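I opened a new structure today and kept notes as I went. The entries are in the order in which I looked things up.

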Amino acid sequence: MGEYGKRIAIKGKGESALKMIARGKLTLKEIAEDLELPLKRVEELANLQPV
């Protein structure tokens, strides 16, 4: 997969993480593990969510 493809895949995972965070059923660590994203990235996305 080229660099562009990797960026698209990461963007898609980020969008999925935002949806999962909004549902509030999983921990941030579980989301990171399920989507194979760094926990730090999921935490950054969680901080973007309105309270």
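**Entry 1: ground rules.** I am working with a predicted model, where local features need pLDDT of at least 70, side-chain atom pairs count only at pLDDT 80 or more, and totals for chains, interfaces and linings use all residues. I number residues from 1 along each chain as its sequence is written, and side-chain values use heavy atoms, with hydrogens and water left out.

**Entry 2: the whole chain.** I looked up the elements and found 3 helices and 0 strands. Helices here are DSSP runs of H or I with at least four residues, strands are runs of E with at least two, and numbering goes from the N terminus. I read the order from the N terminus as α-α-α. I noted that the C-alpha trace spans about 35 × 20 × 15 Å along its principal axes.

**Entry 3: surface and burial.** I looked up burial next: 22% of the 51 residues are buried. Buried means under 20% relative accessible area, exposed means over 50%, and partly exposed lies in between (1.4 Å probe, protein chains only). The chain exposes about 4,100 Å², and carbon and sulfur atoms supply 55% of that. The areas come from the Shrake-Rupley method with a 1.4 Å probe.

**Entry 4: contacts along the chain.** I took the contacts between residues at least 6 apart in sequence; 27% of these join residues at least 24 apart. A contact means heavy atoms within 4.5 Å.

**Entry 5: α2 against α3.** At what angle do α2 and α3 pack? I found about 125 degrees, with the axes of α2 (residues 28-35) and α3 (residues 39-48) 9 Å apart. The axes are lines fitted to C-alpha atoms, for helices over the stretch in contact, and angles run from 0 to 180 degrees between N-to-C directions. I therefore wrote down α2 and α3 as oblique to each other. Under 35 degrees would be roughly parallel, over 145 roughly antiparallel, 65 to 115 roughly perpendicular, and the rest is oblique. I also logged a right-handed crossing of α2 past α3. Right-handed means that the near helix is turned clockwise from the far one by less than a right angle; anticlockwise is left-handed.

**Entry 6: who meets whom.** From α2 I listed L28, K29, I31 and A32, which meet L39, V42, E43 and A46 of α3. By class, I have 6 nonpolar, no polar and 2 charged residues in this contact.

**Entry 7: L28.** I found L28 in helix α2. L28 has a relative accessible area of 29%, so I call it partly exposed. Leaving out residues up to four places away in sequence, L28 touches I21, L39, V42, E43 and A46.

**Entry 8: E43.** E43 sits in helix α3. At 36% relative accessibility, I count E43 as partly exposed. Its C-alpha atom is 8.9 Å from that of A32, 11 residues away along the chain.

**Entry 9: E36.** Where is E36 placed? I found E36 in the loop between α2 and α3. Its phi is near 55 degrees, a positive value in a residue other than glycine. Most residues other than glycine have a negative phi. I noted E36 as exposed, at 64% relative accessible area.

**Entry 10: E15.** E15 belongs to helix α1 (residues 3-23). I have E15 as partly exposed at 42%. The C-alpha atoms of E15 and L45 are separated by 9.2 Å, and the two residues are 30 apart along the chain.

Technical notes: Nonpolar A, V, L, I, M, F, W, Y, C, P; charged D, E, K, R; others polar.
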